[in-house]
Structure formats: structure tokens, C-alpha cells
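Subject: Structure handover

Hello,

Here is the structure we talked about. Please open it next to this note and follow along.

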Amino acid sequence: LAAATAQRDAGRIDSIRISTRPDCLDPVMLAYLGEHGVDTVEIGIQSFNDDVLRTARRGHLANDAITAVRAVRAAGLRVGVQLLIGLPGESTGSFLAGISQTIAERPDCVRLYPLLVLKQTILANWYVSGVYHPLSLARAVCLTKLARRRLLEAGIKVIRMGLQPTDSLAGQVMAGPYHPAFGELVISADWYGRARRLLATSQPGEHISFTVTGKDYSAFVGQRRVNMQRLCRRFPDRTITVHRDPSLHRNELHYAVH
């Protein structure tokens, strides 16, 4: 921390961010972090469901996580929340309840990670024996999309979805919803849903044009234009075009009927 603070004081870095467990934080530790230049503490909460946390042998419960988030805020530091999607025993209902709890705690940012089965782990043994069944990629994308949408609507930033792809990680994944561009899949799925809902209000024979900023264009049309292909199959009697407008903001969508 002393080395990092020196780099920040010299203007070489902007801030110092750390990640830790909920049960590793107490007033003494938080005071130490603040004194040594830490700006943001991200907390690996994983789930807000006690039964899920016990099954995962996490070593802490939901109330520990809530207490930690509030303690970081009280210490004057920015707080981030990290959640896992697809934990053993986690249902759609309990996961989305955890998203609601996250929103209630008002963190500065959130990371969403789909659970992967890595080789030579207890989870790998559970997977081989049939005790644990990982989420499919499609299901993980869907749940992450729902969570991201709720968080964004609440004004909470989602700064990452999916693990950072590395050669070492790819070699260790045994099963689960791994994709090197998982976050892009989620964002693209969200664009598809928005476009589909708008097209559902149009009439056969109409020409529909969508306009997004250039930075959102690739996610809107989808990898290998999969979103456009799906939309054209679903609405074969409409003409659909997509345009770029650099004056628009990220995530802004304009819709016109001609």
C-alpha cells in the first residue's frame, strides 16, 4: 500500500482499489486502508442467501456481507459488490432477491461472475458425481442480463460481467458458462430484447430503423449479426435497418417507423 500510495501521489495512478471477503473487514482494518490511500473496497459477497453460502462453505453469512458494505461506507470509502451466478442451491428467486438486497445497499459498483467449474476443486468433484449442475451459457447470460438491467435502472454501475479471459483460466475450466466475451453476450442480449419489444409495436410492411452510437453498434447487431438475424426471422414482414450516430450517448436507442 505504501508503494501504491507513492505512485498515486506522483500522479502515475488515479486510485487504489482492493478486493476482500466480508469477514476480513473491521473498523481497525478499514481505518488502516483509509490511512494508506485506498479509495475503493470491493467485497466478494457471492450470494445474499444463507443456505447458498452454507452449501458453498463460504464461511460467512448474508448479514456479515451487509455489515461489511455499511462499514466500508461509514469509513468514507467507495464500496463494490461481487456476486456469483449459478451457485449450488441458488434459485432464480433467491438470486434476484440478492440483486434487490444489493440495490438496497447502494454500492458504487457491482461485478457479476457466472460460476465456473475448475479442475481439481471440490466443485469439480460435485460436478463429476452429479451433485452440481452448472448453468448453461444461455441461462447464465439471461440471469446476468436481468440482474444488470435492474442494477442499471437503480443507478448502480456494473463494471464487469464474466471473468477476465486468460490462457491459464481457459485451461482450468472443466464445465460451466465460460465465454471469453461473456459481458458482450449479456449486453447484446439486452439490446435484442429492447429491439424486439419495440418491433412488437410495429405493423407488417413497415420499415423500422434503429439508431445507436457507434460504440454500441456491434453489441446491438450481435456477434456475427446474430441479433439482426433473429429479429428478421421473428419479424419477416418488416424491413429493419440500423444506423450509427456519434452524437448519441452510450446505451441510447432511437427508433423510427417509415
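Contact here means heavy atoms within 4.5 Å. By that rule, T40 touches I16, R17, I18 and R78, leaving aside residues up to four places away in sequence.

Some ground rules. This is a predicted model, where local features need pLDDT of at least 70, side-chain atom pairs count only at pLDDT 80 or more, and totals for chains, interfaces and linings use all residues. Residues are numbered from 1 along each chain as its sequence is written, and side-chain values use heavy atoms, with hydrogens and water left out.

Back to T40. It sits in strand β2 (residues 40-46). Strands (E, at least two residues) and helices (H or I, at least four) are DSSP runs, numbered from the N terminus. T40 is buried, at 4% relative accessibility. Buried means under 20% relative accessible area, exposed means over 50%, and partly exposed is in between (1.4 Å probe, protein chains only).

Now strand β4, residues 109-114. Six of its six residues are buried, so the strand is largely enclosed by the rest of the structure. C109, R111 and Y113 point one way from β4. V110, L112 and P114 point the other way.

β4 has strand partners. Pairing requires that DSSP find at least two bridges between two strands. Strand β3 (residues 78-85) runs parallel to β4, and six bridges join them. In that pair, G80 stands opposite C109. Strand β6 (residues 157-161) also runs parallel to β4, with four bridges between them. There, V110 stands opposite V158.

On the surface, L1, M29 and Y32 form a nonpolar patch. Together they have about 260 Å² of accessible area, from the Shrake-Rupley method with a 1.4 Å probe and, for residues, only the protein chains shown as cover. L1 is found in the segment before α1 (2-9). L1 is partly exposed, with a relative accessible area of 37%.

Last, S168. It lies in helix α8 (residues 167-172). S168 is exposed, at 55% relative accessibility. S168 and D39 are 129 residues apart along the chain, and their C-alpha atoms are separated by 30 Å.

Best wishes

Note on methods
Patches are made of residues with over 30% relative accessible area and no salt bridge: like charges are joined within 9 Å, nonpolar side chains (Val, Leu, Ile, Met, Phe, Trp, Tyr) within 5 Å. A salt bridge is a side-chain nitrogen of Lys or Arg within 4 Å of a carboxyl oxygen of Asp or Glu.
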